[in-house]
Amino acid sequence: MYSMSTSASAAPSGSGATRVGSARAHVAAVPDLIPAAVPAAGGSHHHDADERTRDRVLNAVLEHGPISAAELGDLLGFTPAAVRRHLDHLERSGVIEVKRVARAGAGAGRPARRYVLSAQGQSTLGNDYLDIATVALRRLGEAAGPEAVRQFAVERFGDMERRYAPEIEQAGPDITARARALSEALSRDGFVASAQSLEAKAPLPAALSSVQLCQGHCPIQDLAAQFPVFCDVETEVFSRLVGVDVRRLSTLARGGHVCTTHIPTGRPAAGGTSGPAAPGNPDEVSNHLQERP
């Protein structure tokens, strides 16, 4: 989700986003949640090295989760014992949690343990002025109705759309290329995005191929849980930017481990896809669908 302003009334012009930034910046606020390790005989140097390693593990869970301990070890070059020690520490601290994922294939045995950022970990990465924003939007809705809240969301995401549109247009008409350009733009704004191509295999037609656009961080997920229109408007912006109808499969705001958007790639994008947001209908069914991917 796009970040809210830190103002009690209305956001200033510009992005107003709570930036998460680089992988190191994603965990800059997290160590306060992690109890200090007991210093080893080597003194503070060993403790600092542990903290840096733990930050790397947390970064990897944030960017690649749900991910197994074995996959983390391969990704970071750690031994199984080392990666599990840091995962156990982060889990005890409450910033990551285990998700059980069914293995591929029938009768494949017990679900695999995979690690994801917890709600506490997500909140640590940016929920500034959540209470103020929640009260302000609730009062806005009471005074002017739900369409006023929607219009506020449209205005906030309008900046994102204007900034992203030229870059995505440069990617050309190919939907996959446009989705990847959108993913890169979102990642620069701190949403920890990725775009994974899913190719349809025979006997399914190639037109069923798609890209899954995932966002690993949502600065306002608690706010969006109370005002799903923010997820809806963001999805509408994605649809206009890539040039096809997209569908939101899961959101962090509804308890998902990532925000996942399904982007069909079986046809070319329409020209001039990004334009002013449609006024919308407050009675429409929300696209803020599933609780967990």
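Tutor: Quick ground rules: the model is predicted, so local features need pLDDT of at least 70 and side-chain atom pairs count only at pLDDT 80 or more, while totals for chains, interfaces and linings use all residues. Residues are numbered from 1 along each chain as its sequence is written, and side-chain values use heavy atoms, with hydrogens and water left out.

Student: Why is the contact between R150 and E236 called a salt bridge?

Tutor: The term needs a side-chain nitrogen of Lys or Arg within 4 Å of a carboxyl oxygen of Asp or Glu. For R150 and E236 the closest N and O atoms are 2.8 Å apart, so the pair qualifies.

Student: What makes R150 and E236 a link between separate parts?

Tutor: R150 lies in helix α7 (residues 146–170) and E236 in helix α10 (residues 229–242), so the pair ties together parts 86 residues apart in sequence. Helices here are DSSP runs of H or I, at least four residues, and strands are runs of E, at least two, numbered from the N terminus.

Student: How do you know whether R150 is buried or exposed?

Tutor: Buried means under 20% relative accessible area, exposed over 50%, and partly exposed in between (1.4 Å probe, protein chains only). R150 has 7%, so R150 counts as buried, while E236, at 23%, is partly exposed.

Student: And what makes R188 exposed?

Tutor: R188 has 53% relative accessibility, so R188 passes that cut-off. Its salt-bridge partner is E167, with N and O 2.5 Å apart.
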